[in-house]
Amino acid sequence: MRIPKSVKYALQKLEENGFDAYIVGGCVRDLLLKRRPKDWDIATSAKPEQIQKIFPDSFYQNKFGTVTARIKERKNIREIQITTYRKETKYTDKRHPDKVKWAKTLKEDLKRRDFTINAMAMEIAQNTKRPLRRSEAHPVELGGKAQGHNLKLKANKFRIIDLFNGQQDLKDKLIRAVGNPKDRFSEDALRMMRAVRFAVELNFDIEKNTFNAIEKNAYWIQAISKERIRDELIKIIMSDKPDKGIELLRKTGLLTYIIPELENGVGVSQNRHHIYTIYTHLILSLKYAALRKYNLAVRLAALFHDIAKPQTKKGEWPDATFYNHDVLGAKFAIKILQRLKFPKKLIEKVAILVRNHMFVYDIEKVSEAGVRRLIRRVGMENIPDLIKLRICDRLGSGCPKAVPYKLRHLQYVIERVSKDPISVKMLNINGNDIMDALKISPGPRIGLLLNALLSEVLENPKRNKKEYLIKRAKELNKLSDKQLKELTQKVKEKKEEVDMELKQKYWVK
Ligand code: ATP
Ligand code: MG
């Protein structure tokens, strides 16, 4: 576990100029958990203008004191967020502090952070330059060992500044608000969703008082912009345990204000083909999408594919039907994703997947024409994701086998019809060219000639030149139909060979 050179350099520069500087927030948490930090944040006593002076290659484009410094590290440039100590004043709208105030001490800065595990700082003593500061905030331990974490940092001494028992909560795997949870959520209601997000990303529980405060005040999330909600939702969905995340959103009551449509499926039974209720089936499908590391579009489609089943249900278990739920489901998915300000392209893709998730793949029912229609409807570029969605759907229904024979068979037919690897279309000449050159009229003979030419080109691809092919067509035209047919033997063999390879690829007979 290493702290990047550029980060140490930034700390050193700030200190040389007489300011205090600490690594803070998520990266300290991740270092202690031996996870790779996503980004590096520094908190400092320097004001934004002072930070900018120290780092000429930097920019400052917000009101919150965060200067982004660009520091070279070997061949790369790393962007490091350097933020002036802040404290937050009164909040009246549950999302923005009325005014951002600079703070004097690290302690004040740590106090305004959301959760104990995110409210730790780390001080690094650069080799010989100076000893570790006595923290103005708190007596903290010294030396190369943080509480029970046995963290080794090469050629560095460091100290963890942990004013709210974040290290204990890391050990106990708890997400706990700093200070009074209700007050903290009233300052910024998005923190309630962040609690869920960290719980799933780290596989932690939400501490009881913190959880209760979310449950009581979930409706505050309505004050938060859809974009910020979307970004947290994406992180939850892209985590390793998004099913747990959706379930936590539901249990805390947040889901009602984010995706209420999902709640309509809670406790709603299906039919003899399904052992799970609609809601459970949807989050299980999502779970398998995450287990298989599928992309965001497939995960969203897995979560939404049956979202309109409650509205289309006719009859009762075991004979209920859900006619048209795929069409209506696509509409619901569009509505939900538009409301949450997802990008247009992604919405279109998810809608296509939901709309087509019922595609037929019984071997007796799959015709080449049907497969061509499916490809045209869905777009070849979406076919792999549609198959992934079907895999999630199956696994989420409790089927043990993700990719049964008939699905592999469909994949085989799709590739066969989409690639059409061996065809007269490969030739640098077409039927019209032949009719012109040979002065013959349309008829089966054109096909025979083309196939005879293809046979020769397959034997020697260099022959695939228009001039040569025309010349050869004239010679071949002297042969009878029967003789021509014999010449196309090569094409047949080659097609069979390619087909065998394709069949082996998908394990079908
Ligand atoms: P990630 O691993 O996703 O980057 P992170 O903990 O670093 O997680 P960031 O959103 O990058 O989260 O924020 C960095 C730090 O800033 C947090 O660790 C936390 O201390 C503080 N912070 C961020 N957002 C909030 C917030 N809404 N309320 C209070 N503190 C916050
Ligand atoms: Mg971060």
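Trainee: How do the residues lining the second largest pocket divide into nonpolar, polar and charged?

Mentor: They divide into 8 nonpolar, 7 polar and 10 charged. Asp, Glu, Lys and Arg count as charged, Ala, Val, Leu, Ile, Met, Phe, Trp, Tyr, Cys and Pro as nonpolar, and the others, Gly among them, as polar. A word on the ground rules: this is a predicted model, where local features need pLDDT of at least 70 and side-chain atom pairs pLDDT 80 or more, while totals for chains, interfaces and linings use all residues. Residues are numbered from 1 along each chain as its sequence is written, chains are lettered from A and ligands numbered from 1 in the order written, and side-chain values use heavy atoms, without hydrogens and water.

Trainee: What makes a space a pocket, and which residues line it?

Mentor: On a 1 Å grid over the protein atoms alone, a pocket is an open set of points with protein on both sides within 12 Å along at least five of seven lines, and lining residues have an atom within 4 Å of a point. The second largest pocket has a volume of about 660 Å³. His273, His274, Met358, Arg390 and Asp393 are the closest to its centre among its 25 lining residues.

Trainee: How much space lies in the largest pocket?

Mentor: About 1300 Å³. Its lining has 37 residues, and Asp41, Arg112, Arg113, Asp114 and Arg194 come closest to the centre. By kind, the lining splits into 9 nonpolar, 8 polar and 20 charged residues.

Trainee: Why is the largest pocket said to lie between domain 1 and domain 2?

Mentor: Because domain 1 (5–169) and domain 2 (174–258) both give residues to its lining. Helix H7 supplies the largest share, 6 residues.

Trainee: What makes H7 mostly covered?

Mentor: Buried means under 20% relative accessible area, and 12 of the 13 residues of H7 are buried. Among them are Met192, Phe198 and Leu202.

Trainee: How do you know that the span of H7 is close to what is expected?

Mentor: The expected span is 1.5 Å times one less than the number of residues. H7 (190–202) has 13 residues and reaches 18 Å from first C-alpha to last, close to the expected 18 Å.

Trainee: What makes S2 and S5 a pair?

Mentor: Two strands pair if DSSP finds at least two bridges between them. S2 and S5 have 4 bridges, in the parallel sense, so they pair. Asp41 has Gln81 in S5 as its bridge partner. S2 also pairs with strand S1 (21–24), in the antiparallel sense over 3 bridges, with Ile23 opposite Ile42.

Terms used:
Helices (H or I, at least four residues) and strands (E, at least two) are DSSP runs, numbered from the N terminus. Buried means under 20% relative accessible area, exposed over 50%, partly exposed in between (1.4 Å probe, protein chains only). On a 1 Å grid over the protein atoms alone, a cavity is a set of points where a 1.4 Å probe fits but cannot get out, and a pocket is an open set with protein on both sides within 12 Å along at least five of seven lines; lining residues have an atom within 4 Å of a point. Grid points are joined across faces, edges and corners, and a volume is the space filled by probe spheres set on the points. Domain bounds come from an automatic or database domain assignment.
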